Amino acid sequence: MGFGPYFLLATLEGLVSAAVLALTAVGLSLVFGVMRVVNVAHGEFFMMGAVLAWWCASLVSGNPALGFLIAILLSPLIVAGVALAADRLVLKRLHYEPEATIVATIGLLYIIQQLALTFYGAEARPVQAPFDWRIQLPWFGYSGYKFFVIAAASAILLAVWFLLRRTNIGLIMRATQIDREMAQAFAIPVDRVYAGVFAFGAALAALAAVLIVPIKQAHYLMGQDPLLLSFIVVIIGGLGSLRGTVVAALLIGLSDGIISMFFSPTLAKMLATLLVALVLVFRPQGLFSPGGRLVR
Amino acid sequence: MTGPANRKTLALHLAFLAGLAALDFVLPDYHHGVLARVMVLAVFAMGYNIAFGYTGLLSLGHAMFFAAGLYGAALPIYHLGWSVWPSLATGVVAGLALAVIVAALALRTAGVAFMIVTLMFSQVFHLTTLYFTTYTRGEEGLVLPQNVRRLAFPGGEISLASADTRYWIAFILFAAVLLFTLALVRSRFGRALVAIRENEERMRMLGYDVFASKLAAMAVSGTISAAAGAAYAVLFGYAGSGFASIQYSILPLLWVLLGGAATVLGPFAGTLIMFYLIDTASSHTTANLLVVGVALILLILYFPKGIMGTIRDKWVRWLP
């Protein structure tokens, strides 16, 4: 295989990870944008989504598409429920103070991880893809499911954009994001908006995980990388900016896919993390967004 | 502060240290070993406390300073055959240098951004230790053999592998850092740090160089953390990249929160209790991370001042 097709393959792989990353990062970005909460447990919501997808798929035998369908409906709902409970029981009582919520979500991270280890185990388990068509390109065959992941993630992102920009719910969310007190003065139930956004952000992470789990296996430590990458994406894209997040996810996902195909993945991660830390130091508003500055 | 309070404070801390020293003779073997380890880790916590407790800099990356000390000491011993003294010094200097560089960059940000930046620098450090697996042996780690862990003195040398010397070396380091912290927080510099934590703008208006003070605080904090790391390497003879992972940035935060942020004795109390809590939990279940998670959430929800902080608020106002 020559360099061209090899590069195409790397690009396709990069697109798949970019699609999933964009979904995960948009969830993190929404939570930060609206609530000003840095959710360190976001990666664990992702992991929980994958583990629940495995559990749903193992419930039904027969056609794998059925198990996948149940997973994609049920898993984000359950994860959203857990996030809702975490918001009511912990975050709300901390009055969403940034530093206290970070410590609390770190605690949440450990709890979810440990529960997954205890009840799910340390093994990585596969979930069967709902279909296994192959699309034959001139140079190599490529999994049809991966194309489906890209398409599905794009559709969900469009739906999120529509929700935020064209519906009443989105209007309320944006109003809360821009000025919490003013929103409250206009009788917007800020508390319920916060709870809803936290659950929605977690559900997006879970959805991303359900999509990726037929490609990568479900494992109790799988939340670490998406968390770090989501942070990177959200920071480069500018916190709270949807468009910036998607553009940055494409950039990071593609370059991560391509770099780790040609170089060591550890080195790729090292350089990306260092780069982003420096972006945060020297350009805290992100590379693309003029507003949404990350302060206090 | 008045004279008698000063004397009372000093007497309390010296009595506490004397008690710790006396425990060496009465503790059963297992708890004797645990206490030596806890004292070294408490040094790490005290270093963290200077940044987090007194200066209000919530760093999520202190594992890199601990690990810098750890590797700074272990690598020369393992690969270059250095003796213990110069290796300890390299560890501490490595921590100081890293702390100054990281702080100079990270202190350009504040609040949440500061946490994320320190977390990321620490992550880069962790990945670096994994990337150079040929030298660090990654997760598996370096094991320093007993015969090189010897401390040379003019009158001869002592082996660091014996439980008794280990206890005493840990104690001497712990006592030195405890008294240093005590002196620091009662000095002009220490008071300036607390004032910066409480109201940064006012300090700037009063003409203090806030950035320089924070940088100095981070340097001191990083150096003490590195000293704990270097001591850990030579006393317990092991250096693995697990010590550079996020978990070891979270643990000192947990210890300090539990014991009481911005108290001198708090970090030790927090480390000791958490160590036994995890120890007890892991003898019943394997779910020791669960204990850490639940403890973090309960502390931040119901007990944000920690043990010593609450004691100071309620009963002993003069406690430093």
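Here are some questions and answers on helix packing, chain contact and annotated segments in this predicted model.

Residues are numbered from 1 along each chain as its sequence is written, and chains are lettered from A, with ligands numbered from 1, in the order in which they are written. Local features need pLDDT of at least 70 and side-chain atom pairs count only at pLDDT 80 or more, while totals for chains, interfaces and linings use all residues.

Me: At what angle do the axes of H3(B) and H10(B) cross?
Reply: Helices are DSSP runs (H or I, at least four residues), numbered from the N terminus. Axes are lines fitted to C-alpha atoms over the stretch in contact, and angles run from 0 to 180 degrees between N-to-C directions. H3 (residues 63–80) and H10 (residues 210–236) of chain B come within 6 Å, and their axes cross at roughly 45°.

Me: Which word describes how H3(B) and H10(B) lie to each other?
Reply: Angles under 35 degrees count as roughly parallel, over 145 as roughly antiparallel, 65 to 115 as roughly perpendicular and the rest as oblique. The axes cross at roughly 45°. H3(B) and H10(B) are therefore oblique.

Me: How many charged residues does the contact of H3(B) with H10(B) have?
Reply: Residues are in contact if their C-beta atoms, placed from the backbone, lie within 7 Å. H3(B) brings residues including B:Phe65, B:Gly69 and B:Ala73, and H10(B) brings residues including B:Gly222, B:Ala226 and B:Tyr232. Ala, Val, Leu, Ile, Met, Phe, Trp, Tyr, Cys and Pro count as nonpolar, Asp, Glu, Lys and Arg as charged, and the others, Gly among them, as polar. The contact has 14 nonpolar and five polar residues, and the number of charged ones is none: no charged residues.

Me: At what angle do the axes of H3(B) and H4(B) cross?
Reply: B:Met64 and B:Pro76 are among the H3(B) residues that meet H4(B), where B:Ser87 and B:Leu98 are among the partners. The axes of H3(B) and H4 (residues 84–106) of chain B come within 7 Å and cross at roughly 145°.

Me: Which element gives the most to the side of chain A that touches chain B?
Reply: The contact takes 35 residues from chain A and 32 residues from chain B. On chain A, the elements giving two or more residues are H4 (98–120), H9 (224–237) and H11 (265–282). With 15 residues, the one that gives the most is H4(A).

Me: How far apart are the end C-alpha atoms of residues 68–90 of chain A?
Reply: UniProt, in an unreviewed entry, places a "transmembrane region" at several stretches of chain A, including 68–90. Such annotations may be inferred rather than shown by experiment. Residues 68–90 are 100% helix and 0% strand, with end C-alpha atoms apart by 32 Å.

Key: Two residues are in contact if their C-beta atoms, placed from the backbone, lie within 7 Å.
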